[in-house]
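We will go stop by stop.

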Amino acid sequence: MKVALIQSAPKLSRSNLADVLALIDSNKNADVVVFPELALSGYLLQDKLYEDAWRIEDLSDLRKASEACDIAIGAALWDNGKVYNSALYFSQGALIHVHHKNHLPTYGMFEEGRYFSAGNEIASFQTPYGNTVMVICEDLWRAETIAAIASSDAEVVYVLAASPARDFTEEGINIESQWDA
């Protein structure tokens with residue numbers, strides 16, 4: 001399986017979809033193109049979130065693009081009247097899985113719990129490349145998430161993250177050692 005990991009700097013607007021589609025097109029030789037957390041929306045939307053969050057029906061271009069390669073991407077997503085920080089997986093022209101971030105950081109620079117609703121499950125799903133689980137950033141920092149992944153039938157785990165570089169030390173970036181741990 002050939003995976004293209006996209007590092008991007010999305011704007012705080014819905015205009016990111018065109019950039020995402022261009023990046024998919026330039027990486028369609030990959031089996032799976034993986035984007036960061038909130039790649040379609042930008043990260044610090046705050047009150048703008050309610051204007052810019054996506055609805056599933058707005059993402060037909062991603063369904064079509066997934067005919068060439070699978071796509072894992074983060075977006076602010078409306079679902080049943082609530083907005084979630086979500087990871088979406090498109091494959092073979094269909095949206096096959098949505099994961100809503102379970103653990104919303106609300107400390108320091110993060111205010112996700114103020115704007116997003118929290119998801120409540122971690123579920124595996126079938127892709128052409130095996131049983132898969134997706135989680136988003138802070139989800140992976142929790143022991144219960146690690147346990148859920150370990151007890152699942154997942155062969156592939158995608159972690160969509162937009163973790164900022166911070167806490168610079170002589171040894172490097174503190175967040176890097178925290179992720180390694």
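A salt bridge here is a side-chain nitrogen of Lys or Arg within 4 Å of a carboxyl oxygen of Asp or Glu. Select Glu-138 and Arg-142: their side chains meet in such a salt bridge, 3.4 Å from N to O. Before going on, note that this is a predicted model, where local features need pLDDT of at least 70, side-chain atom pairs count only at pLDDT 80 or more, and totals for chains, interfaces and linings use all residues. Residues are numbered from 1 along each chain as its sequence is written, and side-chain values use heavy atoms, with hydrogens and water left out.

Stay on this pair and color by accessibility. Buried means under 20% relative accessible area, exposed over 50%, and partly exposed in between (1.4 Å probe, protein chains only). Glu-138 counts as buried because its relative accessibility is 9%. Arg-142 is at 30%, so this residue counts as partly exposed.

How many salt bridges does the structure hold? There are 7. Select Lys-101 and Glu-112 next. Their closest N and O atoms are 2.9 Å apart, and the two form a salt bridge. Lys-101 sits in the loop between β5 and α4 (112-115), while Glu-112 belongs to helix α4, so the pair ties together parts that are 11 residues apart in sequence. Helices (H or I, at least four residues) and strands (E, at least two) are DSSP runs, numbered from the N terminus. Are Lys-101 and Glu-112 buried or exposed? Both are buried. Glu-37, Lys-101 and Glu-112 are linked in a network of salt bridges.

For another setting, select Lys-64 and Glu-67. Their side chains form a salt bridge of 4.0 Å, N to O. Here Glu-67 and Lys-64 are both exposed.

**The sheet of 5 strands**

Strands of a sheet pair through backbone hydrogen bonds, either parallel or antiparallel. In this model, two strands count as paired if DSSP finds at least two bridges between them. Trace the open sheet in the order β1-β2-β3-β4-β5; its pairing is mixed. Select 3-5 and 94-100. These are β1 and β5, the edge strands; each has a single partner strand, so one side of each is left without a neighbour in the sheet. Neighbouring strands are turned by 30 degrees against each other on average, direction ignored. Such angles come from axes, which are lines fitted to C-alpha atoms (for helices over the stretch in contact), and run from 0 to 180 degrees between N-to-C directions.

Now select 32-34 and 70-79. Strands β2 and β3 run parallel here, joined by 3 bridges. Find Val-32: Asp-70 in β3 stands opposite.

**Two loop stops**

Follow the chain to Leu-38, in the loop between β2 and α2 (49-52). Its phi is near 55 degrees, a positive value in a residue other than glycine. Leu-38 counts as buried because its relative accessibility is 1%.

Go on to Asn-80, in the loop between β3 and β4 (82-91). Phi of Asn-80 is also positive, near 50 degrees. At 75% relative accessibility, Asn-80 counts as exposed.

**The sheet of 3 strands**

Last stop: the open sheet with the order β6-β7-β8 and mixed pairing. Select 125-127 and 156-160. β6 and β8 are at the edges with a single partner strand each, so one side of each has no neighbour in the sheet. The twist averages 40 degrees from one strand to the next. Finish on Phe-125, with Thr-132 of β7 opposite.
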